[in-house]
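Reader: I am new to this structure. Please walk me through how to read its features, one at a time.

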Amino acid sequence: MPKNKTHSGSKKRFRVTGKGKLMREQTNARHYLEHKSSSRTRRLASDQPVAPGNVKAIKRLLGL
């Protein structure tokens, strides 16, 4: 049986915490930051947990 390859796009977008939770970055934090408020950019900087409905598919893409 050959080894499974990790999905290259997924490994750049998601990370696994020490307890096994999947985390993702928030959208709208890449460009046009000049007109967004400081409080908004600080809020967007924090990672968010992946929605429960998507966890199974993302774990399969990451090879977990």
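**Reading the fold, step by step**

Author: The protein chain has a radius of gyration of 15 Å, whereas a compact globule of 64 residues would have one near 11 Å. That radius is taken over C-alpha atoms, and the globule rule is 2.2 Å times the number of residues to the power 0.38. Along the principal axes, the C-alpha atoms fill a box of roughly 55 × 20 × 20 Å.

Reader: What should I know about the model before going on?

Author: This is a predicted model, where local features need pLDDT of at least 70, side-chain atom pairs count only at pLDDT 80 or more, and totals for chains, interfaces and linings use all residues. Residues are numbered from 1 along each chain as its sequence is written, and side-chain values use heavy atoms, with hydrogens and water left out.

Reader: How many helices and strands does the protein chain have?

Author: Helices (H or I, at least four residues) and strands (E, at least two) are DSSP runs, numbered from the N terminus. Here there are three helices and three strands. Their order from the N terminus is α-β-β-α-β-α.

Reader: In what order do the strands form the sheet?

Author: Two strands pair if DSSP finds at least two bridges between them. The three strands here make an open sheet in the order 1-2-3, with antiparallel pairing. Strands 1 and 3 stand at the edges with a single partner strand each, so one side of each has no neighbour in the sheet. Strand 1 and strand 2 are joined by three bridges. R15 has M23 in strand 2 as its bridge partner.

Reader: Which residues make up the largest nonpolar core?

Author: In soluble globular proteins, nonpolar side chains tend to be buried together. A nonpolar core is a set of buried Ala, Val, Leu, Ile, Met, Phe, Trp, Tyr and Cys residues joined through side-chain atoms within 4.5 Å. Buried means under 20% relative accessible area, exposed over 50%, partly exposed in between (1.4 Å probe, protein chains only). The largest core here has five residues: F14, L22, V50, I58 and L62. Buried residues make up 17% of the 64 in the protein chain.

Reader: Which residues is L62 in contact with?

Author: Contact means heavy atoms within 4.5 Å. Leave aside neighbours within four places in sequence. L62 then contacts T6, S10, K11, F14, V16 and L22. Now take the protein chain as a whole. Among contacts between residues at least 6 apart in sequence, 56% join residues at least 24 apart.

Reader: Where does R24 sit, and what does R24 touch?

Author: R24 is found in strand 2, residues 22-24. R24 is partly exposed, at 31% relative accessible area. Not counting residues up to four places away in sequence, R24 touches R13, F14, D47, Q48, P49 and V50. Take Q48: R24 and Q48 are 24 residues apart in sequence, yet 5.4 Å apart in space, C-alpha to C-alpha.

Reader: How many salt bridges does the structure hold?

Author: A salt bridge is a side-chain nitrogen of Lys or Arg within 4 Å of a carboxyl oxygen of Asp or Glu. The structure holds two. One joins R15 and D47, with the closest N and O atoms 2.8 Å apart. R15 lies in strand 1 (residues 14-16) and D47 in the loop between helix 2 (38-45) and strand 3 (48-49), so the pair ties together parts 32 residues apart in sequence. R15 is partly exposed at 42%, and D47 is partly exposed at 24%.

Reader: Which side chains meet in a salt bridge at 4.0 Å?

Author: Those of E25 and R30, N to O. E25 is in the loop between strand 2 and helix 2. At 45% relative accessibility, E25 is partly exposed, while R30 is exposed at 66%. Beyond four places in sequence, E25 contacts R13, R30 and D47.

Reader: Which residue has a positive phi of about 70°?

Author: N28, although N28 is not a glycine. N28 sits in the loop between strand 2 and helix 2 and is partly exposed at 48%. Y32 also has a positive phi, near 60°, and is a residue other than glycine. Y32 lies in the loop between strand 2 and helix 2. Y32 is exposed, with 61% relative accessible area.
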